[in-house]
Amino acid sequence: MSTITDSAATSARMARSSLLGDIKAVWTRETLTILRDPFSLIFSLIQPLVFLGLFAPLLAGVADDGLGFGSTLQFFLPGVVVMITMFGTSMTGANLQFEIMTGAFERILATPLARQALLIGRALKELTPLVVQALIITLVAVPFGFDLYPAHIVLGLLILGVFGVGVGALSYALAIATRKNEWAFWAVQQSLLFPLLILSGMMLPLETGPDWMQALSKVNPLTYIVDAERVLFSGTFDDSAVVYGIVAALVTCAVGLWVGVRTVTKSIL
Amino acid sequence: MIHTQQLTRTFESGKETVEAVRGIDLDVAEGELVAFLGPNGAGKSTTLRMLTSLLPPTSGTATVAGIDVTADPAGVRSRIGYIGQKDGAGHNYRVWDELLMQGRFYGLDKQRATERADELLGTLDLEGMKMRKVSTLSGGQKRRLDIALGLIHEPALLFLDEPSTGMDPQNRANLWDHILRLREEFGTTIVLTTHYLEEADTMAERVVVIDHGRIIADDTAEALKAEQAGDRITVTVSADDLPTTREVVGQAGTEVEEVPADGCAAISFRVDAGPVALPRVLHALGDKGVAVNAATLKQPTLDDVFLNLTGRSLREGAEA
Ligand SMILES: Nc1ncnc2c1ncn2[C@@H]1O[C@H](COP(=O)(O)OP(=O)(O)OP(=O)(O)O)[C@@H](O)[C@H]1O
Ligand SMILES: [Mg+2]
């Protein structure tokens, strides 16, 4: 009797530690594509800077309420960080779709790797350069009057990371569901991405928008992420927005992984 | 090693229902080398994908390496190797990275994975391609890399879906050397599919012929050819000698056919052991004063077996 319990406990422990190992293995494989191709990394780092450099001056002009450029950045920069996360993780299904088409994903499905690890490892890979991007644009913004709160930014990036894994997993599920026609993936991804971004108040504040927009923004998980990031980037932990952000990230991650793993195991590639 | 009972798989595509595999009963013992032979769409890949747990069966059961594929797919996956029909290696990755990562996916430590990767690059003639991006490899080089990926963890049971497609004769021979060595040295059980009739004929000791999702024959290539087709001798004689020839041939063989031409006739007939029968028949004809103008012996191929079983040639299907 006791031996059975023992071995059950051991195998459970092994399963848990191997899930982490599997995630790390998948992440390593994916990250190699970045390491082996530094040009794409450099390009992806420059992109958000260009965006920030072109957009912020315009915004400063519009929002010239006497608070100065620094406060514009304080509002705008967390939005940009969330946006690059959304772009990066929601597009990641396209990579998977390519690997489904060529057959590489089938080879990986035939290995003993845990199904969740296939999704989590891949999504974490998309987040890796995003973290670097976020740090760089934040540092670049400092000389222009952006106040830096490192501990808050770390928590902010953690929330984004959890959220990003969820979005990534949903993107993979979409990629698998639309594997027969590539354009369908992009059609769905684009038509969801922009409404979600706009309705989160990421670019422009929604307070001035009509009621229906404000109502929609309340059911958009991204709204809570953006709010949490703004509060954190401006150096506050003690705000309910942070809690809502954490909850929104965890819920998105759980739902995303559930849908994603189900799709991987149920679908016929 | 493998035991299936009425393994079946149907696909719904649109309104159509495709019965890809219709009740396969198969037993493969440890150490066997089995080739699935059949035309496009016969259900070979679908069967392999069910056996490798990649595809749940619609009905029926399969036990692979002692484990039920539906009850414990992960358990099956950790005990087998699988080389699919499509490209296994990721196009955007480096050859060496893919090999090492594949080793890691199977739980090899870094040192072991490096050793194995080096060995396999050698045996599969891929040295010097370590840092190449997979998308820059030629078709045959890619295929060899796929094979290397499937072998990295030295599985006791190996499934290969058309392993040699796209390889030149030299590399195909190398691949077969390697596969046969795996069997000899490690007793690896191997199940593969192929379109190459000669390959199934000379390399596999057991040929499973699949058509329309069913096993229609299952035996050694020798036995299949002997049972289903047999050796045929054709002798050409002048019209005058025809009656005597008929008599001799009637005693020596069966399934006699005559093709008359002007002034002479070709008579063909089936015998059991062609190389032994041919000189005897010629001798007997000579003794009776028949002058034989020409004699040919045709030994059957697996294509003749397939033709005999289905009325269709595998070659036409295979070239599609
Ligand atoms: N995912 C799928 N959805 C719908 N039909 C499928 C699917 N996979 C296979 N089929 C159908 O099942 C049948 C058997 O296909 P399978 O790939 O097993 O053939 P095969 O013997 O491997 O052929 P080939 O020699 O061309 O590789 C075919 O009619 C094919 O169209
Ligand atoms: Mg096939």
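What share of the contacts in chain B with a separation of 6 or more comes from residues 24 or more positions apart? The share is 69%. Contact here means heavy atoms within 4.5 Å.

This is a predicted model, where local features need pLDDT of at least 70, side-chain atom pairs count only at pLDDT 80 or more, and totals for chains, interfaces and linings use all residues. Residues are numbered from 1 along each chain as its sequence is written, chains are lettered from A and ligands numbered from 1 in the order in which they are written, and side-chain values use heavy atoms, with hydrogens and water left out.

**View 1. Chain B as a whole.** Chain B has twelve helices and 14 strands. Helices (H or I, at least four residues) and strands (E, at least two) are DSSP runs, numbered from the N terminus. The C-alpha trace spans about 80 × 45 × 35 Å along its principal axes. Of the 320 residues in chain B, 51% are buried. Buried means under 20% relative accessible area, exposed over 50%, and partly exposed in between (1.4 Å probe, protein chains only). A UniProt annotation from an unreviewed entry, "domain: ABC transporter", covers residues 2-237 of chain B. Such annotations may be inferred rather than shown by experiment; positions follow the numbering used here, and feature names are shortened. That span is 35% helix and 31% strand, and its end C-alpha atoms lie 53 Å apart.

**View 2. The shell around ligand 1.** The side chain of B:Asn40 has an N or O atom 2.8 Å from an oxygen atom of ligand 1. For B:Lys44, a polar side-chain atom lies 2.7 Å from a ligand oxygen. For B:Thr46, the side-chain N or O atom is 2.5 Å from an oxygen atom of ligand 1. Taken alone, ligand 1 exposes 630 Å², and the protein buries 72% of that. These areas come from the Shrake-Rupley method with a 1.4 Å probe; for residues, only the protein chains shown count as cover.

**View 3. The largest nonpolar core.** This core has 57 residues. A nonpolar core is a set of buried Ala, Val, Leu, Ile, Met, Phe, Trp, Tyr and Cys residues joined through side-chain atoms within 4.5 Å. B:Phe36, B:Val64 and B:Phe159 have the most contacts inside the largest one. Its largest share, seven residues, comes from helix α6 (residues 115-141) of chain A. Leaving aside neighbours within four places in sequence, B:Val64 is in contact with residues including B:Met1, B:Leu51, B:Ile80 and B:Phe159.

**View 4. A:Leu19 in chain A.** Chain A has eleven helices and zero strands. A:Leu19 lies in helix α1 (residues 2-35) of that chain. Is A:Leu19 buried or partly exposed? A:Leu19 is partly exposed, because its relative accessible area is 24%. Not counting residues up to four places away in sequence, A:Leu19 touches A:Ala114, A:Gln116 and A:Ala117. A:Leu19 and A:Gln116 are 97 residues apart in sequence, yet 8.0 Å apart in space, C-alpha to C-alpha.

Technical notes:
Polar contact = N/O pair within 3.5 Å; in protein donor to acceptor, adjacent residues only side chain to side chain.
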